[in-house]
Amino acid sequence: MSEQNRLGVFKTYKLYVGGKFPRSESGRVYEVTDSKGQWLANVPQSSRKDARDAVVAARKAFGGWSGATAYNRGQVLYRVAEMLEGRKEQFVREVAAAEGLSKSKAAAVVDAAIDRWVWYAGWTDKIGQISGGANPVAGPFFNLSTPEPTGVVTVLAPQKSSLLGLVSVIAPVIATGNTAVVIASADAPLPALSLGEVLATSDVPGGVVNILSGATAELAAPLAAHQDVNAIDLTGAGPELAKELEIAAADNLKRVLRPRPAEADGSDASTDWLAAPGTHRLTAFLETKTVWHPTGALGASGSSY
Amino acid sequence: MASAFEYAPAPESRSVVDIAPSYGLFIDGEFTEAADGKVFKTVSPSTEEVLSEVARAGAADVDRAVKAARKAFEKWSALPGSERAKYLFRIARIIQERSRELAVLETLDNGKPIKETRDADLPLVAAHFFYYAGWADKLDHAGYGADPRPLGVAGQVIPWNFPLLMLAWKIAPALATGNTVVLKPAETTPLSALFFADICRQAGLPKGVVNILTGYGDAGEALVTHPDVDKVAFTGSTAVGKAIARSVAGTDKKVTLELGGKGANIVFDDAPIDQAVEGIVTGIFFNQGQVCCAGSRLLVQESVQDEVLDALKRRLSTLRLGDPLDKNTDIGAINSAEQLARITALVETGEAEGAERWSAPCELPSSGYWFAPTLFTNVTQAHTVARDEIFGPVLSVLSFRTPDEAVAKANNSQYGLSAGIWTEKGSRILAVANKLRAGVVWANTFNKFDPTSPFGGYKESGYGREGGRHGLEAYLDV
């Protein structure tokens with residue numbers, strides 16, 4: 001049968017929660033179209049319950065993931081890049097459709113997304129050295145500050161940059177040992193849902209990244225108010241929503257990463273996701289723990305060790 | 001109870017400090033009355049004597065101070081870092097020169113023992129200015145990129161438990177990085193900040209770089225919500241911290257919050273008991289327990305619980321409570337009548353919920369605000385006294401059997417500011433420290449502070465770090 005006569009096989013897009021691919025418990029779906037309005041797929045419209053389930057999965061995964069060695073986390077992130085590289089064609093197609101890009105432009109975006117995983121893979125075992133260190137306190141103490149992951153992070157993925165922007169916000173969160181509940185771009189969720197398939201086959205433990213599709217504001221509200229979420233990245237929220245969510249986040253003093261001015265009008269296409277990311281997304285979700293221990297140094301007191 | 005050791009009174013002289021009958025607000029380098037002419041009195045908590053009358057800032061004064069700080073920002077931020085450094089070094093030196101005066105003043109206004117203001121607060125205040133002075137011309141090397149920029153005007157609200165130290169924690173990094181500040185001290189302890197204004201004058205600090213607004217919560221609120229404030233720094237209660245976090249939502253104000261705590265002090269059975277007991281005492285009775293990072297939950301391994309409690313009660317019976325200006329005093333006055341009422345209410349709740357109360361036998365002075373060192377045994381994790389921050393000299397004792405149980409109980413709190421670990425086993429210290437969700441962990445010591453060492457909490461103890469290289473980030477556009 002020639003290619004022209006063959007009927008294509010559509011993909012049923014599903015959520016990625018706790019390492020599994022559930023449909024929304026609500027049974028709802030919504031229609032996703034390409035940039036020209038052409039039907040692409042029906043995707044799950046996640047509910048508040050799905051969001052809460054994702055938090056449970058992320059919390060469960062936190063102990064193991066944050067406890068893994070930085071070397072191990074780096075390997076796992078690099079493995080994501082490997083798997084993504086192998087599925088490049090699919091993502092080029094999905095990104096081109098989602099963002100209305102030419103095939104070559106979409107290919108450049110996918111390459112950049114792969115390279116970003118590689119970049120963050122290299123950060124896992126360096127961020128502690130960059131952002132921690134010994135403090136020369138004026139006394140007989142050994143005093144060390146080390147960064148630690150803050151916990152479960154809700155991530156509102158950029159609305160326009162469906163893959164590169166998405167990877168740019170997920171990778172730093174998990175590179176530092178946090179686990180993530182991600183709300184994909186509402187209009188262009190397909191690359192995100194496909195990324196779930198990549199993560200599932202790339203040694204990232206189930207629950208470390210959980211991906212939900214649906215209405216951003218509807219899903220973000222319960223997550224911003226959730227008492228077991230430690231931080232929220234508001235990149236994908238417009239200014240009104242971002243403010244509302246930041247207010248809700250104050251209830252348990254979540255760490256909040258506000259949208260940068262370029263992102264704040266919702267037109268995050270103006271954000272240059274291709275530019276070098278810097279470390280602010282890594283440090284935004286870290287706590288600094290400082291441990292003091294006496295050295296028993298022979299000092300003025302004449303005490304001995 | 002008659003103590004085995006009777007001490008003759010050893011009062012520090014108050015003559016080294018000259019408190020004026022009234023003070024104004026310090027705005028744009030001048031002392032000035034509040035726009036609406038309002039004033040309030042500040043009293044000595046140990047005697048209820050009125051020390052002075054100070055201006056009570058309102059919204060109009062906040063606006064005036066922010067404008068002055070904004071105007072000063074242009075020149076101050078444009079100064080070479082090396083010049084800003086010299087101003088901060090000058091301030092540090094003047095603080096050292098005047099430290100006896102300031103220690104007595106702080107003890108009078110706050111009620112804490114002179115031993116603590118003299119030996120802990122003031123040396124640390126000077127050290128903070130020295131430490132951040134040195135950063136002012138080295139910001140390129142701080143790890144926040146080349147040439148990191150200041151934010152602008154910092155609105156800072158500080159508590160009454162360490163009035164001058166909290167001022168130093170806020171003002172030193174703000175000025176080093178090129179910001180200008182409007183600072184509101186707590187209403188019960190306004191005096192040392194006003195004396196600091198005089199130090200700024202002596203140091204020749206340009207007008208408007210530091211502005212001090214004495215006043216109540218309404219002034220603090222007006223300050224943190226002022227549209228021309230770029231950075232909000234707050235130390236205080238979690239409830240107010242949450243309100244501030246809500247109020248800055250949707251703005252581009254940068255925020256750091258140092259809030260409450262319910263620190264777990266974990267004593268393992270192999271701990272050096274005498275040292276641990278001293279650490280427990282320091283952990284919860286330093287500054288009458290009015291410390292956000294106090295070790296207010298003692299978690300003691302069951303096999304040594306009786307031994308530790310006996311030693312602890314014995315030690316508490318030797319603490320000397322009374323005149324804060326006496327150099328032999330260990331426990332001073334509670335900062336205010338309101339705070340005393342809060343402590344008393346929480347302790348009554350503890351008793352009503354079935355926890356067993358024990359208070360050190362000591363006579364309380366007839367005037368002033370006092371609370372005897374107190375501990376609760378028979379406490380469970382569900383008890384209010386094990387969950388709520390009391391902010392007073394009250395210790396809740398819980399027990400555990402295994403290290404895992406100790407970690408689980410220590411982390412079972414909305415707070416995550418501090419923790420202590422007492423054991424002779426190094427690997428246990430490191431393993432437990434790793435698992436504790438707290439910003440500061442003291443192993444075989446407690447309540448140690450240093451300007452080079454970042455301080456701040458996890459969870460509802462707030463966000464951001466003060467002190468150290470980390471403390472710069474809060475005042476830089478990064």
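Which residue forms a salt bridge with A:Arg79? Keep that question open while the two chains come into view; the model is predicted.

**Chain A**

Along the principal axes, the C-alpha atoms of chain A fill a box of roughly 90 × 40 × 35 Å.

Now select A:Arg79 and A:Asp203. These two residues form a salt bridge, and their closest N and O atoms are 3.8 Å apart. The pair links distant parts of the chain: A:Arg79 lies in helix α2 (residues 70-86) of chain A, while A:Asp203 sits in the loop between α7 (190-200) and β7 (209-212) of chain A. The two residues are 124 residues apart. Over all chains, the count of salt bridges comes to 42.

**The contact between the chains**

Show both chains and select the residues in contact. There are 35 residues from chain A and 44 residues from chain B in the contact. About 2900 Å² is buried between chain A and chain B, with 52% of it on carbon and sulfur atoms.

Turn next to the polar side of this interface. Between chain A and chain B there are 27 residue pairs in polar contact, both residues being at pLDDT 80 or more. On the side of chain A that touches chain B, at least two residues each come from α5 (127-131), β4 (141-149), α9 (239-249) and β10 (286-294) of chain A. β10(A) gives the largest share of that side, eight residues. By type, the residues of the side of chain A that touches chain B comprise 13 nonpolar, 13 polar and nine charged.

How many salt bridges are counted between chain A and chain B? The count is two. To see one of them, select A:Glu287 and B:Arg465, whose closest N and O atoms are 3.1 Å apart.

**Chain B**

Chain B holds 15 helices and 19 strands. For its 478 residues, a compact globule would have a radius of gyration near 23 Å, and the 22 Å of chain B agrees with this. The box filled by the C-alpha atoms of chain B, taken along the principal axes, is roughly 65 × 50 × 35 Å.

**A three-strand sheet in chain B**

Select β1, β4 and β5 of chain B. In what order do the three strands of this open sheet stand? The order is β1-β5-β4, and the pairing is mixed.

- Strand β1 (residues 22-23) of chain B pairs with strand β5 (residues 50-55) of chain B in the parallel sense over two bridges. B:Ser22 has B:Glu53 in β5(B) as its bridge partner.
- Strand β4 (residues 39-43) of chain B runs antiparallel to β5(B), with five bridges joining them. Here the bridge partner of B:Val43 is B:Val50 in β5(B).

Finish at the hairpin of β4(B) and β5(B), which has six residues between the strands. Select B:Glu48 in this hairpin: B:Glu48 takes a positive phi near 65°.

Terms used. Residues numbered from 1 in each chain as written. Chains lettered and ligands numbered in written order. Predicted model: local features only at pLDDT ≥ 70, side-chain atom pairs only at ≥ 80, totals over all residues. Heavy atoms only, no water. Contact = heavy atoms within 4.5 Å. Buried area = accessible area lost by both parts, 1.4 Å probe. Salt bridge = Lys/Arg side-chain N within 4 Å of Asp/Glu carboxyl O. Polar contact = N/O pair within 3.5 Å; in protein donor to acceptor, adjacent residues only side chain to side chain. Helix = DSSP H or I, 4+ residues; strand = E, 2+ residues; numbered from the N terminus. Nonpolar A, V, L, I, M, F, W, Y, C, P; charged D, E, K, R; others polar. Rg over C-alpha atoms; globule rule 2.2 N^0.38 Å. Pairing = 2+ DSSP bridges.
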